[in-house]
Amino acid sequence: MYNVACVKWGTKFDADYVNKLYAGVKRNTTLPFTFYCFTENPEGLHRDIVPVELSHLEVPGWWQKLAIFSNGLPENAPKGRMLFIDLDTLIVGNIDHYIKQDN
C-alpha cells in the first residue's frame with residue numbers, strides 16, 4: 001500500500017479541493033494507496049480520505065505543511081514514504097511512477 005497526502009489548513013482551500021485531488025489520484029493510478037489529509041478541520045472530506053489532525057505547530061497558513069516532517073504526529077499519520085501533492089495540483093495522467101519513486 002502506498003501513501004499519498006495533502007495539507008488543508010485554514011480557509012483558502014475547502015474540502016472540495018481535497019476531494020477533487022483524491023478523485024484525480026484515484027483516476028490516475030493503478031496502485032493501491034491510502035489518501036491522507038493533514039488538516040485542522042476534516043469536515044466535508046470524502047469518507048475514504050484519512051484525516052490527520054494537524055494543530056501542534058504554531059506557524060501561519062501554508063507553513064503548516066512543514067509539520068508533516070516533524071516528530072509527534074498523531075498515530076493515524078502515514079508511516080514510511082508518501083507522495084505529497086499540493087491542493088492546487090490538477091492530475092491529468094497516470095502518476096504510478098511518482099508514487100513508486102525511490103528517490
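**Figure 1. Arg-47 and its salt bridge with Asp-48 in the predicted model.** Arg-47 is exposed, with a relative accessible area of 73%. Its partner is Asp-48, and the closest N and O atoms of the pair are 3.9 Å apart. With the limit for a salt bridge set at 4 Å, the pair is counted. Asp-48 has a relative accessibility of 35% and is therefore classed as partly exposed. The salt bridges number two by this rule; the other is shown in Figure 2.

**Figure 2. The salt bridge between Lys-20 and Asp-16.** The closest N and O atoms of Lys-20 and Asp-16 are 3.2 Å apart. Both residues belong to helix α1, where a spacing of four residues separates them by about one helical turn. Lys-20 is exposed, at 57% relative accessible area, whereas Asp-16 is partly exposed, at 39%.

Figure 3. Asp-96 lies in helix α2, which covers residues 96-99. Which side chain makes a polar contact with that of Asp-96? The side chain of Thr-29 does, at a distance of 2.4 Å. Apart from residues up to four places away in sequence, Asp-96 touches Asn-28, Thr-29, Thr-30 and Leu-31.

**Figure 4. The largest nonpolar core.** This core has 18 residues. Those with the most contacts inside it are Val-4, Cys-6, Val-18, Leu-21, Val-25, Phe-35 and Ile-49. Two or more residues come from each of β1 (2-8), α1 (15-27) and β2 (33-39). Helix α1 gives the most, with five residues. Ile-49 is in contact with Val-18, Asn-19, Tyr-22, Phe-35, Tyr-36 and Cys-37, leaving aside neighbours within four places in sequence. A second, separate core has nine residues, among them Ala-5, Val-52, Leu-54 and Ala-67.

**Figure 5. Tyr-36 and the residues around it.** Tyr-36 is part of strand β2. Is its position buried or exposed? Tyr-36 is buried, with a relative accessible area of 11%. When neighbours within four places in sequence are set aside, the contacts of Tyr-36 include Asn-3, Val-4, Ala-5 and Cys-6. Tyr-36 is also in contact with Ile-49, Val-50 and Val-52, and with Asn-76, Ala-77 and Pro-78. Between Tyr-36 and Tyr-22 the C-alpha to C-alpha distance is 9.1 Å, and the two are 14 residues apart in sequence.

**Figure 6. The whole chain, for orientation of the close-ups.** The chain has two helices and four strands, which follow the pattern β-α-β-β-β-α along the sequence. Its C-alpha atoms fill a box of roughly 35 × 25 × 20 Å along the principal axes. A compact globule of 103 residues would have a radius of gyration near 13 Å, and the value of 13 Å for the chain agrees. Of the 103 residues, 37% are buried. Among contacts with a separation of 6 or more, 65% are between residues 24 or more positions apart.

Key:
Residues are numbered from 1 along each chain as its sequence is written. This is a predicted model: local features need pLDDT of at least 70, side-chain atom pairs count only at pLDDT 80 or more; totals for chains, interfaces and linings use all residues. Side-chain values use heavy atoms; hydrogens and water are left out. A polar contact is a pair of N or O atoms within 3.5 Å; within protein, one must be able to donate a hydrogen and the other to accept it, and residues adjacent in sequence count only if both atoms are side-chain atoms. Contact means heavy atoms within 4.5 Å. A nonpolar core is a set of buried Ala, Val, Leu, Ile, Met, Phe, Trp, Tyr and Cys residues joined through side-chain atoms within 4.5 Å. Buried means under 20% relative accessible area, exposed over 50%, partly exposed in between (1.4 Å probe, protein chains only). The radius of gyration is taken over C-alpha atoms; the globule rule is 2.2 Å times the number of residues to the power 0.38. A salt bridge is a side-chain nitrogen of Lys or Arg within 4 Å of a carboxyl oxygen of Asp or Glu.
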